[in-house]
Amino acid sequence: MEFPRDFIWGAASSSYQTEGDRAGRGDNIWDEFCTRPGAIRNEETGNIACDGLHRFREDVRLLKRLGLSAYRFSISWPRIFPDGRGEPNRAGLEYYDNLINQLLTEGITPHVTLYHWDLPLALERQGGWRSRATALAFAEYAGFIARHFDGRVRHYCTLNEPQCFIGMGYGTGEHAPGLCLKTPELFDCAANALLAHGLAVQTIRQASGSPVQVGAASTGKLCYPLHNTAENRAAAERASFLAKGDRWWFTHTWFLDAIVLGTLPPELQGLSRSIPAQDWAVICQPLDFLGVNVYNGTQVKEHGEYAERIPGFPRTALKWPVTPQVMCYGPRWLYRRYHLPMYITENGQSCNDRIFLDGKVHDPDRIDFLHRYLLELRECCAEGVPVNGYFHWSLTDNFEWNNGFDERMGLVYLHYPTQRRIAKDSAVWYARTVRTNGRLL
C-alpha cells in the first residue's frame, strides 16, 4: 500500500526562524521580544538564524536532493513593508523573487504562508492584533503579494496557527508580543485575525490572474480513542472540538468553525459580540484546502474523559508526547466537520541531535517518529480522507521561538557557528519514503 498517486511531499520553514539579516527588513515583534531578559532560552535571537537570506540556494538544492516536490515557507511581512504598509522594499522582493524562481527552476512548487507570527513592530505599536487596522493592513499586503507573484505562486496559506500567535502571544505572554490579556480582550484579537484571514482570501483571489489555491494552517487539540469502539470513537471526536476553559484558544474550533462554517461553537458564542454582523460574510470565504499542523494528540475514554498517560510515556526532546494515532483520527474528524481537502502542513519532532564521530548525524528516534506517524496517515488516506500532501517541520534546524536554538526539528542539521548543513539520517530515510510514495513503510 502507498499514498495516493498525486500525493505531495515537502518540507516547511518560516521567515523569522530561518532568514536572519535584519538589515534588509523592518523590525518585527520578535525582534523586540527577544531583547526582554528571560523571554528566550539562552537569550538567543533570530538575527542570524539559519542565514537563509544568503544561503537559500543551498537550501533549495537540499530540497531537490531529497526529491521533494514542494516547499512551504513564509514571507516576512516587514521584509516587504517595513512598517506594515506603504512603499514596498525592493530588496525584500528581490530575495523572494530569487527564491521562488529557483524553486520553480528545480521543479519544486512554492507553498507560501503570508503570516507566520512576525508582525511588523510598527503595527504592534499601533495596537497589533488588538486593532482592526491590522486586519486591513494585512489584506493590502496579501493583495500586493498575490499580484507580484501571480503565475508563479499558486498555493497560499493566509495565517499560520492563529491559536498560537493569539493565545500565546496575547494570552499567556510566552510568545511575542508577550501580552497577557483576559478572555474578552483576547477574543477581540482573535476576531481581528479572523477578519484578516477573510479579507486576505478576497484580495488574493481578486489580485490573481492565474488560478490559485487558498487556505489557512490551523492547529489545536485533537483527540483519539483509548479503545477502538464506536462509542469511544464518537467521544474522541466530540472532545476534539470542545472549546472550554482558559485554553479555549488552543482548539481548531474557534478558527475553523468561523472561517469554514461561518459561526462559533456554542460554548464560545457569547464572545461573538466582538464580531460585527457584516464581518461574517467576509470571514467565511470559500477555501480550497485546510492546512493542519499536528504534532500530538490527547487520548479519550468512552465517556469523554481524558485518559492519563502512563509513567514514562514516550516524549520528544521538547517533552511533547508521541501519539501517532492522532495522525489517523485527527484528519478524519476534521474532514467530517469541515468537508475540505487537507495538507499536513507541519509535523515532526525535536531530538537531541549531534554530530557523531563519523561526521554524520544519526537520529533514529526521529525516523521512528516519522515512520509511526506516516503509517497512520497512510491508513487515513486509505480510508478516503482527502489529504493532499505532507510537509515535514522543518527542513533545517532553526530558531524555535522561545526555545531558541536548543530544540532541533530539522531533517538537516545546522552547525550554527559555521552555518554548515548536514543531512541527518532521517533526511535519507524521508527521501526514500518520498521516492517510493510511502510504499515501503
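The second largest pocket has 14 lining residues, and Pro 314, Arg 315, Val 322, Gln 349 and Asp 368 sit nearest its centre. A pocket here is an open set of points on a 1 Å grid over the protein atoms alone, where a 1.4 Å probe fits, with protein on both sides within 12 Å along at least five of seven lines; a lining residue has an atom within 4 Å of a point. This is a predicted model, where local features need pLDDT of at least 70 and side-chain atom pairs pLDDT 80 or more, while totals for chains, interfaces and linings use all residues. Numbering runs from 1 along each chain as its sequence is written, and side-chain values use heavy atoms, with hydrogens and water left out.

That second largest pocket holds about 200 Å³, and its lining splits into six nonpolar, four polar and four charged residues. The largest pocket holds about 920 Å³. Of the 38 residues lining the largest pocket, Cys 164, Met 168, Arg 247, Phe 250 and Trp 320 come closest to its centre. Its lining counts 17 nonpolar, 14 polar and seven charged residues.

Now for the rings. The whole structure has 37 aromatic pairs, meaning Phe, Tyr or Trp rings (the six-membered one for Trp) with centres within 6.5 Å. Such pairs tie Tyr 16, Trp 30, Phe 33, Trp 117, Phe 399, Trp 401, Phe 405 and Tyr 416 into a cluster.

Charges sit over rings as well (NZ of Lys or CZ of Arg within 6 Å of the ring centre and within 35 degrees of the ring normal). Arg 408 lies over the face of Tyr 413, 3.9 Å from the ring centre, and Arg 309 over that of Phe 313, at 5.1 Å.

Terms used. Points joined across faces, edges and corners; volume = space filled by probe spheres on them. Nonpolar A, V, L, I, M, F, W, Y, C, P; charged D, E, K, R; others polar. Phe/Tyr/Trp six-rings, centres within 6.5 Å; stacked < 30°, edge-to-face > 60°.
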